[in-house]
Amino acid sequence: MLVITCPVCGVEGEEADFHCGGEAHITRPATENPEGISDEAQRDYIYMRKNPKGVHFERWRCDRGCGKWFHACRDTVSMEILGYYGITQKPPATLLKKADPLWQAHFEAQLKKAKS
Amino acid sequence: MSNKPYRVPTAGTGGTVGRLIDRSQTVDFTWNGQKYSGYAGDTLASALFANGIRVVGRSFKYHRPRGVIGLGSNEPNALVGVGTGSRMEPNIRATQVELFPGLAATAQNAWPSVEYDIGQINSLASRLFPAGFYYKTFMWPQAFWKSVYEPIIRRAAGLGVAPDGPDPDTYEQFNCHCDVLVVGGGVAGLAAAEAASAGGARVIIADENPQFGGISDIAGGTLDGEAQSKWTAETAQRLAGSGNVHVMSRTTVVGHFHHNYVMMFERVADHDPRIMNEGAPRHRLWKVRAKRVIIASGAIERPIPFANNDRPGVMLSTAVRAHLARYGVAPGYRGVIFTNNDDAYRTATDLLAAGVPVARIIDVRPEPAGPLVDAAKAAGLEISAGSAICGLMAKSGGKHITAVKVAPYSTTGRVPGAEEQVNCDFVAVSGGWNPVVHLHCHNGGKLDFNDKIQSFVPRKHEDPVVTIGSANGTFDLAALMDEAYAAGEAAAGTRAAKAKAPKATSEPEGALEPLWYAPATGKYNEGNKHFIDFQNDVTAADLELAQREGYESVEHTKRYTTLGMATDQGKTSNIIGLGVLSGSTGKPIPEIGTTTFRPPYTPFSFGAIAGTQVGKLFHVVRRTAQFDWHKEAGATWEPIGDWRRAYCYPKGDEDKHAAINREILTVRGKVGILDASTLGKIEIKGPDAGALLDRVYTNTFSTLKPGRGRYGLMMNEMGFLFDDGVTVCLGKDHYLMHTTSGGAERVVQWLEEWLQTEWTDMKVFVTAVTEQWSQFAVAGPKARALLEKLEGDVDFSADGLAFMSMSEGMLEGTRARVFRISFSGELSYEIAVPANAGRVFWEKLLEAGEEFGVEPYGTEALHVLRAEKGFIAIGDETDGTVTPLDLGMNWAVSKKKADYLGKRALELPHLADENRKELVGLLTEDPNEVLPDGAYAVSSVTEKLPMDMIGQVTSTYWSPTLNRSIAMALIKKGRAKMGEKVTFPVAEGKVIRAEIVDPVFYDKEGAKQNV
């Protein structure tokens, strides 16, 4: 059972006091442009998830505390939580560097898309 | 019965035996209903020895007589039932049961008695019980499984019996934090705790035994020139008085989990149940968060498998030595020692010093040497070097050992030589030591094989966890003390303690000779078994057979033979099993690998797991403000989420069916009232409130005028329906959303999630107000007449309050929100009043309705009423894989809105597929036949399974309104099959046929709700 500290209200609690919302930084295609979403893009958005062995980014909610969502960076092998950051923020560079290459590719692709 | 006692007299022993017992104080107890007595300080195991009882149980599979083998929690054989009646607890290790006056213990697995057990016939027929016996034997015919095989197996198998009533004792759970948790109070644990404590850390040190010190009392070696046990006793006392160390005995650390979450099981009152009269719980479960964990769990001696090594009187060498030193008992009158290492020589000399003859030390090593060997020789002990036990002779059905057979032994195979018979009645055996690595492994710790000790030792853990002492394979006392102090200092983050460390000396010990199997001479037969796992009756032959049958992986061998799968988790058997597999496969042990070590380390009670969460505290129940009224009215209950809602209100000797039918007809014919307070209520307020609703509902809400309401459907992003309800516009940018009773919390969190994570620019607040309001449905043709009798300023007329609109006002002196909505299809209003006025208002409704014959109705009537109208219910018509389109609710699914949750998913091929199941109504051919809930529809009934499943019943009821059964179902392409017949094969070959119809059974035009 993990020990988690809510970065919003500061309370430290057991894993059961929080709710894990799964993988972070999933882009919802319809928010950007509801038209012209391919079936594949929609399927990937709904169902395809990263499953890295190592450093991973997740969404968590302070369930029995302030009720706010936040991001956590967790090592899926050692279970160590390496850091927290805001729910609307991208991972800090220090954490991204440690993350699985899957994640680096994820943000590079986003950057490329934004430029084009 | 004339059992010769095995208590060693004190005379001539110089006080070195029976250290823990008080021979001046006798304690009476019963064993299998017979009275015996032991001394204060005895365990059940030692008291039984003292009374000449060596057979303490029968084995699991072959029902062979079994005696005590081990010490404390590593004992695999002596599982007993302790207590009587509802306090009976099975499968307790006799070696851990402390004797108290009135203790009642019984043997297990024995019928009619442990001395004469009929099941032993299994032993004679053991060719019929090979490895994988269950898999091989009870395959067919299938019908025999339930009626013949299972009852027989259940009677014959299993360990112990369950108590016969609810547990009358109390249990509790504690949560706590510490800087350093030290597991194990042996010499290493105590040293580490002292070092950590000296550095100022808050320390917990836990040991499963009543006394601290581990096996320091029998281990040899000195600390500061005195016996180890003197130092351990003094240190334990010093720590207890130190102020920053919590010293816990009788406390087993049973599991280690993520982030150093540790579970400890404390046996508070088992050793003296009288303290429960003063309010102590029986057991306590500790949930500890430790910054650092130091594992000093010690090592467990392993046996050497030889022919018939399970006979009562064959014991681990240290267990013999400890029973002698602590309780003054020996397992017999004349022993032999069988060893591959030096430590067992201590047992031989201790026995001799206590006046127990030792006929022979049988050592597999060709040239044993060293101070311990010399001491044994000097004491006049006879040693057979380079030899092994190759047979064991016993009488009285294997209950009494008479002799062992000894033959020369070599690692390269059997050497020719004469077989010799050595008379004895017990055997102390030592095959080396296995570090207790269980806790290290619970949370992913890895192991390395150590050649020197021929066992596995912990590799560095990812967590702040370190293993020290013999648990780490460090057996030399001086090295062990260095390791322990270093670990304690590191955990405390200071280097203050080292100076306090006592100076350690110990006798040098020679290397051990790996030995996993001592072959038998003579003919191999069924009575000649080499037991590996005593508790599950697994033999070396079983492991070899599993290999021959292709179960090559150790994980497969384990499951096929059940090696190490008993309650002792293979404490004495796992490594030997690997050794045997290594011998039969020719692979070295590290290549064979180990199986997984899982929590708990030792079994612990359900009481401790439940703690205080039993009875009324088991689960918190939510009650509406009207709960007591329903209770007084004799309501039966339905759990909805954590709520208890009134299911129906039987009157007089009415059964539930009659009550439900009456309630339905009252609503259809007169007027009924329903406590709908559990419905989820969420206020949504802010400039973007309308926009939020448009995003989360399938239909449009931003166009609602104040005072109007609309029924909405909510989908998740996969396109599946998960909640529904009526949302009304209370005013500008202010809405009240109704959700299902079970979905209220889920929906609030759903809205919050989208607002916080995706639509962060939306200006809107979401507030759950479910419990602030009591809400009542008033439904039936007389609903308006009833409500118009109430004092107040609300206009209930058809024009004043049209269908799907709401108004606010005062009713009977309280603020009220009135909604004209209908879930029954009748003229219906829902009135919400502040919850603290709820019960009074409810009673007013009944009073006002008396002249119209008003009656309360419950949730079942509610469901039948809605099903008669073809209204869906979330959780009945939906199961998380159903879309609004499947339910034919296209009218509520906007095509115009650009984006809302789940919209794009509905266009995905698997959801747009025309072969999906669709909601239809069903009318059974026999109108009196009510389809079973969830019944499967098939395209045709065939002899051979599987049949082609085309759908399932989602709601099914007796409709008193229509005087026949009705049902709704999801049927593949159902809407195109109107008027067709569909078949439901139900239990025992019966087939029900029904016609597919429109799901609205009653008042299709909706005229009745619109008057």
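1. Ground rules. Residues are counted from 1 along each chain as its sequence is written, while chains are lettered from A and ligands numbered from 1 in the order in which they are written. As this is a predicted model, local features need pLDDT of at least 70 and side-chain atom pairs count only at pLDDT 80 or more, whereas totals for chains, interfaces and linings use all residues.

2. Chain B overall. You'll find 24 helices and 50 strands here; these are DSSP runs numbered from the N terminus, with helices being H or I of at least four residues and strands E of at least two. The C-alpha atoms fill a box of roughly 115 × 70 × 55 Å along the principal axes. Of the 1011 residues in chain B, 51% are buried. Buried means that 20 or more other C-beta atoms lie within 10 Å of the residue's own, exposed means 12 or fewer, and partly exposed is in between, with C-beta atoms placed from the backbone.

3. Domains. Chain B is split into domain 1 (174-299 + 435-496), domain 2 (531-593), domain 3 (632-669), domain 4 (675-865) and domain 5 (866-900 + 912-997), with bounds from an automatic or database domain assignment. The centres of domain 4 and domain 5 of chain B, taken over C-alpha atoms, are 29 Å apart. Their contact takes 26 residues from domain 4 and 23 residues from domain 5, where contact means C-beta atoms, placed from the backbone, within 7 Å. On the domain 4 side, α19 (689-696), β36 (709-715), β37 (721-731) and α23 (859-868) of chain B each supply at least two residues.

4. Where chain B meets chain A. Here 20 residues of chain B are in contact with 20 residues of chain A. Helix α20 (residues 744-757) gives the most to the chain B side, with 4 residues. By class, that side has 7 nonpolar, 5 polar and 8 charged residues. In this scheme Ala, Val, Leu, Ile, Met, Phe, Trp, Tyr, Cys and Pro are nonpolar, Asp, Glu, Lys and Arg are charged, and the others, Gly among them, are polar.

5. The cores. The largest nonpolar core has 102 residues, and Leu44(B), Val80(B), Ile389(B) and Val427(B) have the most contacts inside it. Such a core is a set of buried Ala, Val, Leu, Ile, Met, Phe, Trp, Tyr and Cys residues joined through C-beta atoms within 7 Å. This core lies between domain 1 (174-299 + 435-496) and domain 2 (531-593) of chain B, because both give residues to it. A second, separate core of 100 residues includes Ala783(B), Ala832(B), Val864(B) and Ile996(B).

6. A helix worth a look. Helix α8 (residues 343-353) of chain B has 8 of its 11 residues buried, so the rest of the structure largely encloses it. Among the buried ones are Asp343(B), Arg346(B) and Asp350(B). The cover includes α7 (317-327), β18 (335-339), β19 (358-363), α9 (371-378) and β24 (426-430) of chain B. Just after α8(B), Gly355(B) takes a positive phi of about 90 degrees.

7. Ile660(B). This residue is in helix α18 (residues 656-669) of chain B and counts as buried because it has 26 C-beta neighbours inside 10 Å. Setting aside neighbours within four places in sequence, Ile660(B) is in contact with Cys648(B), Glu860(B), Ala861(B) and Val864(B).

8. Strand β41 (residues 806-811) and strand β42 (residues 814-819) of chain B run antiparallel, joined by 6 bridges; pairing takes at least two DSSP bridges. Gly809(B) has Ala816(B) in β42(B) as its bridge partner. These two strands form a hairpin with 2 residues between them, and Glu812(B) in the turn has a positive phi of about 50 degrees. Glu812(B) is partly exposed, with 17 other C-beta atoms within 10 Å. β42(B) also pairs in the antiparallel sense with strand β43 (residues 828-834) of chain B over 3 bridges, and Val818(B) stands opposite Ile831(B) in β43(B).

9. Backbone spots to check. Most residues other than glycine have a negative phi, and most peptide bonds are trans. The bond from Pro599(B) to Pro600(B) is cis, with omega near -5 degrees, and the bond from Leu945(B) to Pro946(B) is cis with omega near 0 degrees. Over in chain A, Met79(A) has a positive phi of about 70 degrees although it is not a glycine; Met79(A) is in the loop between β5 (69-75) and β6 (81-86) of chain A.

Conventions: Two residues are in contact if their C-beta atoms, placed from the backbone, lie within 7 Å.
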